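Me: Could you help me read this structure? I'd like to go through how its pieces pack together.

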Amino acid sequence: MINTLIIEDNQYMLNHLINMLQADETFNLVGAYKDAFEAETVCAETQVDLVLMDVQTSHNHSGLAAGRRIKEANTGVKVVIVTSLIDPEVLSEAKSGAADSLWYTDHGDSELLDVILRTADGG
């Protein structure tokens, strides 16, 4: 099982991601939060393998900055940035070490699951 944490401030998207992961026995949902700072705390206190992180979370906290700090403090944790923003700066920052993968929300669930599984396997 992949211990997974979801960070998403949009309630609809958060519920969708929760339902999608809970329907797949590959995943153990560790938690779901709206603020990137909560991800850092959970990763420090709980065994997390993978974080699905929105680019911008509650209180305008940066998911990219939190992803970078999580990866620095917890070298085994993989971070998948989830965004609807097709922005070259987001892609550049994600590639510079803030994330292992990036998924655009306009793509389907099967693509997201593929990205998550490949990322968890080190891809």
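Me: What is the angle between helix α2 and helix α3, and are they roughly parallel or roughly antiparallel?
Reply: Keep in mind that this is a predicted model. Helix α2 covers residues 36–45 and helix α3 covers residues 63–73, and their axes lie 9 Å apart at an angle of about 15°. Angles under 35 degrees count as roughly parallel, so α2 and α3 are roughly parallel.

Me: Which residues make that contact, and how many of them are nonpolar?
Reply: From α2 you get Ala36, Phe37, Ala39, Glu40 and Cys43, while α3 brings Gly63, Ala66, Arg69 and Ile70. Of the residues in this contact, two are charged and one is polar, and the nonpolar ones number six.

Me: How many bridges join β1 to β2?
Reply: Strand β1 (residues 2–7) runs parallel to strand β2 (residues 27–33). Threonine 4, for instance, stands opposite leucine 29 in β2. The bridges joining β1 to β2 number six.

Me: And which residue of β3 is the bridge partner of leucine 5?
Reply: β1 also pairs with strand β3 (residues 50–54), in the parallel sense and over four bridges. In β3, the partner of leucine 5 is valine 51.

Technical notes: Residues are numbered from 1 along each chain as its sequence is written. This is a predicted model: local features need pLDDT of at least 70, side-chain atom pairs count only at pLDDT 80 or more; totals for chains, interfaces and linings use all residues. Side-chain values use heavy atoms; hydrogens and water are left out. Axes are lines fitted to C-alpha atoms, for helices over the stretch in contact, and angles run from 0 to 180 degrees between N-to-C directions. Helices (H or I, at least four residues) and strands (E, at least two) are DSSP runs, numbered from the N terminus. Angles under 35 degrees count as roughly parallel, over 145 as roughly antiparallel, 65 to 115 as roughly perpendicular and the rest as oblique. Contact means heavy atoms within 4.5 Å. Ala, Val, Leu, Ile, Met, Phe, Trp, Tyr, Cys and Pro count as nonpolar, Asp, Glu, Lys and Arg as charged, and the others, Gly among them, as polar. Two strands pair if DSSP finds at least two bridges between them.
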